[in-house]
Amino acid sequence: MTTIGAQNGTREIQVGVILDMDSYIGKSSRVCISMALEDFYDDNNGSTVIIRPHYRDPGNNDIQAASAAIDLLKNSQVMAILGPQQSSQANFILDIAEKSKVPMISSATSPDLSPNANNFFIRTAQASSTQAQPIAAIIKSFGWREVVLVFEDSDFGRGLIPYLSDAMENITTHVNRCILLPPSSSDDLINQQLQNLKTMQTRVFVVHMLPALASRFFKKADEARMMTRGSAWIITDVLTIHFNHLVPEDRKFMHGVIGVKPYIPPSKQLTHFHKRWRRRFQKEYPEMDRIFELDVFGIWWYDSVFALATSLQKVETELIGTTFKRPTKASTDLTAIGTSEMGASLVSIIRNTTLKGLLSGDFQVINGQLRIIAYEIVNVIEKNEKRIGFWNSKNGITSNQPSYNESMNYTTNKDDFGAIIWPGDSVEIPKGWEIPTSKDGKLRVGVPGAKDGFVELIHAEVDPKTNETKASGFCVDVFKAVVDALPYAIDYTFIPYGINDTDQSSGDYNHLVHQIVDQVIN
């Protein structure tokens with residue numbers, strides 16, 4: 001619906017905004033959208049087309065989000081929808097937007113939502129699948145041959161698995177295992193999965209979780225002594241972007257972690273806006289118990305509003321005053337919506353938009369997808385993060401070149417990173433593997449009792465008083481010398497085998513090897 005101003009002849013374009021206002025991200029996004037509208041029309045006070053926002057809060061409910069979209073289209077006759085930010089909600093609304101020919105401008109990152117397959121879907125954020133390449137570049141740079149994926153068991157979490165698996169295959173790195181944890185996982189389930197990870201050889205982990213689950217996971221990982229020297233942890237962009245939203249007590253458990261996130265170039269405008277945003281956020285939400293930081297999604301929302309407002313200026317004048325073509329009779333609310341007469345013209349403009357973003361640098365939407373120039377790679381140190389490098393698709397990993405450099409080739413050299421502090425406060429690069437241990441944290445070493453062999457090579461006996469296995473001989477001396485020479489400590493225990501056993505076959509070496517398969521010994 002278009003409203004014509006009584007005094008100056010301006011036309012109001014109704015635009016729906018669907019945000020989960022129970023979340024910090026929803027609150028931050030609303031502040032950024034409001035400020036963008038104010039700033040745009042302050043800078044363009046002669047504009048004859050004005051956006052009037054209609055806000056709806058579906059909470060964390062997909063059905064409510066779809067209901068909000070239908071209400072906005074049917075009763076407010078909105079010509080565009082901003083949001084939602086959740087991919088599951090966007091998936092529900094997408095078909096409605098397509099049928100009504102109303103552009104949906106969303107920050108939903110799921111790769112299952114494709115602007116190529118859905119003409120009225122404009123994603124003004126990165127697809128989560130794009131981070132698979134910078135993560136693969138990090139892993140390749142350190143020469144790690146195996147990784148374990150630890151993902152949230154949700155549409156959001158599972159969506160990245162095939163893209164990251166393909167990226168690992170391209171660098172000939174094997175995905176040893178993929179652990180899925182439901183968002184509502186109990187502490188016992190998290191501990192159980194961590195103990196399973198401790199029994200594996202691989203010590204390189206990629207974690208893809210929303211902050212609520214990730215904060216509990218890393219706390220339990222620290223308690224399980226998994227955040228120690230020799231391990232490498234990489235977090236995906238959703239957690240890196242929202243790292244500063246975590247309370248400081250939760251951040252400290254992530255010490256030594258490496259993360260990736262889209263790069264936003266610094267500018268005076270961004271610094272100034274950040275100060276204004278903090279004052280505005282505090283004023284509108286004084287009940288918040290702490291001050292959060294402006295994140296990249298808020299920055300993208302600000303520039304998205306500018307892109308929409310700019311696109312509306314380019315729509316043919318005769319279409320600005322149009323509404324919806326609606327059927328005479330309709331059996332459902334969905335069919336009663338009809339189709340927007342302006343939608344096709346507006347979407348063709350906004351799907352390919354380039355402007356100098358006031359906050360995010362070059363804001364370029366190509367075929368409905370925001371173009372991400374580079375990723376920033378950071379290292380979590382104590383409760384803060386430090387930039388250690390960049391990645392872009394043309395040059396790979398670079399130390400100080402976030403944008404494309406045509407004179408450089410694609411490289412993944414670990415020497416291009418800045419200084420890194422690894423888990424356990426170590427500066428030594430993890431080798432990516434470790435001799436696995438039992439669930440009690442000890443390496444179980446099988447030692448056969450020498451019945452008819454040479455005790456000089458190996459001999460084992462059990463102390464009847466302490467029940468402790470004592471092993472000696474040349475083989476044991478070699479084993480202890482190797483363990484002592486390792487650059488890290490290994491806690492081990494000898495497991496007797498074939499001692500006082502009436503079954504003679506149970507003491508031979510073939511049977512002993514089978515105990516490794518049965519996980520009696522490591």
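Analyst: Patches are made of residues with over 30% relative accessible area and no salt bridge, with like charges joined within 9 Å and nonpolar side chains (Val, Leu, Ile, Met, Phe, Trp, Tyr) within 5 Å. A salt bridge here is a side-chain nitrogen of Lys or Arg within 4 Å of a carboxyl oxygen of Asp or Glu. This is a predicted model, in which local features need pLDDT of at least 70 and side-chain atom pairs count only at pLDDT 80 or more, while totals for chains, interfaces and linings use all residues. Residues are numbered from 1 along each chain as its sequence is written, and side-chain values use heavy atoms, leaving out hydrogens and water.

Phe454, Leu457, Phe474, Val478 and Val482 make a nonpolar surface patch of about 510 Å² (Shrake-Rupley method, 1.4 Å probe, only the protein chains shown counting as cover for residues). Of these, Phe474 lies in helix H16, residues 474-485 (helices are DSSP runs of H or I with at least four residues, strands runs of E with at least two, numbered from the N terminus). Phe474 counts as exposed because its relative accessibility is 51% (exposed is over 50%, buried under 20%, partly exposed in between, with a 1.4 Å probe and protein chains only).

Another phenylalanine, Phe494, sits in strand E23, residues 492-497. With 13% relative accessibility, Phe494 counts as buried. Its C-alpha is 6.4 Å from that of Val447, although Phe494 and Val447 are 47 residues apart in sequence.

As for the pocket, the largest one is lined by 37 residues, and Ile25, Gln86, Leu210, Pro211 and Val238 lie nearest its centre (on a 1 Å grid over the protein atoms alone, a pocket is an open set of points where a 1.4 Å probe fits, with protein on both sides within 12 Å along at least five of seven lines; lining residues have an atom within 4 Å of a point). Elements giving two or more residues to this lining include helix H1 (24-43) and helix H8 (211-223).
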